[in-house]
Amino acid sequence: MTTDRKDRYSRRALLKGLGLGMGMLPLLNSEKVIAQTGGVAKRFIFINWTNGIVPKDFYPAAGALATLPPILAPLDAWKTKILAMRGKGSGNATGGIDCKIMTDNGQRYGGHSNYPSLLTGSFKAQTASIDTLIGEHLKTQGFAAPQLNLSVKTNAGTSYRAGGVKNTPEADPYRLYTRLFANISTTPGATPAVDPLLARRKSVIDFAIKDLTAFSTRLGSDDKAKINAHLESIRTIEKQLVAPVAPVGAGCAPPPNTPTGLNLTQAANYPAVTKLMMDIIAAAVKCDIARTFTLDLIDDGGGNSLTFPSLGLASPDFHAIAHLGSAGFASKTMIDTFYYKQIAGLVGQLAANTEGASTSLDNSVILVGNDMNEGANHDVHSLPYLIIGSGGGFFKQGTCVQFPANVPNNQLLASVCHSMGLMVPNVGTTYTGDLDAMLKA
């Protein structure tokens, strides 16, 4: 019988078997201790709604962004932070980002069934969504609870923890506020609570330094030199934990949770609830409470009961307006512009929060999506995606990239994963590859 000696005689197993402490680590021909590269935290934020967009009022011309189309006009102050994407031609933007796995299953005009595919790249969510994939990657780096899934007026959800298993979004901003910010000081400038995981890591390092220092006093000069080299590596890690290159959480403060007591089901309160959720995401980013976010702004059934009296559109409802086609374009553009005004509020908060030499917006990837290209046809070809923020310099900015025809959304999802440091070869099923060559800065 053969045995894998590398496993049997690992350094950790040998130390445990001999009953030796940390002080022996550098004397066992150990590998060099390499401190994790310092830097800022990256975040992925996905915001979506249904019923498509009005193509003529959404897609910029290919190339450097100049005057933004009406729907994107609320983002004009941050157009240098935008990566727009379009397909061939104009009008309905033929080509571009397609949900091809829906078409493969006979669902080209099944836009209202497309939520499960938007972040999974698989039909009916046969695989986990990318916020979960990125979250699991972050857990391996020590971030215990990286995901936050939110919604307004829906429990439909685009986030899946595994094939067919949904992450249920939180739809109550008051309950969410209490859950996230109950233990954070409301005093401006107050020091945020210490991350318990960070404290545990620091505690272990303190113990290692004490153990190694005591042990080195009993050694000769050669072995003491090894101990000192090992101590220096540990001190490097300690410095990064105590004072990272660009600290996160510096602008941490709870969002203003007002007005209180809103009826969350009334259409008249929909704009206020949407803003509350945007404010909560901004605060969660600045407090480093989570690193991946999804915000579903309406159910994937189309919003049959959602009207916008605040926009002067008390009737018909959102779904009915979308189904009017060109006759409803003026109203539909008003609604989509409203959504981008809410996104602009989030963008502005992240842009105002500095992290070292950059901002929270610079270190984020905000992916805005929709489950169909235009509300009257439910077509899952030419989906209107937009990226705001470069993910720490990964994505191009201030431009609109024109794609060839029939690009699967799987490849866009793979590139988003890459921007977050998760170097997967593919996302979802069937379609491999990425769009890095076209989208990277």
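Predicted model: local features only at pLDDT ≥ 70, side-chain atom pairs only at ≥ 80, totals over all residues.
Eight strands form an open sheet with mixed pairing, and their order is β2-β13-β3-β12-β11-β1-β8-β5. Its edges are formed by β2 (63-64) and β5 (147-151), each of which pairs on one side only. Within this order, strand β11 (residues 364-370) is largely enclosed by the rest of the structure, because seven of its seven residues are buried. Both faces of β11 are covered, with Ser 364, Ile 366, Val 368 and Asn 370 buried on one side and Val 365, Leu 367 and Gly 369 buried on the other. The strands β1 and β11 run parallel and are joined by seven bridges, and Ile 45 stands opposite Ile 366 of β11. The pairing of β11 with β12, by contrast, is antiparallel and extends over three bridges, with Leu 386 in β12 as the bridge partner of Val 368. Strand β12 (residues 386-388) also pairs with strand β3 (residues 82-86), in the antiparallel sense and over three bridges; here Leu 386 in β12 is the bridge partner of Ala 84.

Helix α5 (residues 130-140) packs on this sheet, where it touches β1 (43-49), β5 and β8, and its direction makes about 160° with that of β8. The buried residues of α5 are Ile 130, Asp 131, Thr 132, Ile 134, Gly 135, His 137 and Leu 138, and these pack against β1, β5, β6 (160-162), β8 and α12 (409-419). Just after the helix α5, Gly 142 takes a positive phi of about 100°.

Attention now turns to the aromatic residues. A pair of aromatic rings is described by the distance of the centres and the angle of the planes. The model contains 14 aromatic pairs. One of them is formed by Phe 58 and Tyr 59, whose rings are 5.0 Å apart from centre to centre with 85° between the planes, an edge-to-face arrangement. Phe 58 is buried, with a relative accessible area of 2%, and Tyr 59 counts as buried because its relative accessibility is 9%, where the cut-off for a buried residue is under 20%. The pair of Tyr 270 and Tyr 339 is likewise edge-to-face, because the ring planes stand at 85°, with the centres 6.3 Å apart. Since Tyr 270 lies in helix α9 (residues 270-286) and Tyr 339 in helix α11 (residues 329-351), this pair ties together parts that are 69 residues apart in sequence. Both Tyr 270 and Tyr 339 are buried. The residues of these two pairs belong to one aromatic cluster, which is formed by Trp 49, Phe 58, Tyr 59, Tyr 270, Phe 308, Phe 318, Phe 338, Tyr 339 and Tyr 340.

The structure also holds one disulfide, which is formed by Cys 252 and Cys 287 with their sulfur atoms 2.0 Å apart. The link of Cys 252 and Cys 287 is right-handed, with 90° about the S-S bond.

Methods:
Residues numbered from 1 in each chain as written. Heavy atoms only, no water. Phe/Tyr/Trp six-rings, centres within 6.5 Å; stacked < 30°, edge-to-face > 60°. Buried < 20%, exposed > 50% of the residue type's maximum accessible area, 1.4 Å probe, protein only. Helix = DSSP H or I, 4+ residues; strand = E, 2+ residues; numbered from the N terminus. Disulfide = S-S within 2.5 Å. Pairing = 2+ DSSP bridges. Contact = heavy atoms within 4.5 Å. Axes fitted to C-alpha atoms, helices over the stretch in contact; angles between N-to-C directions.
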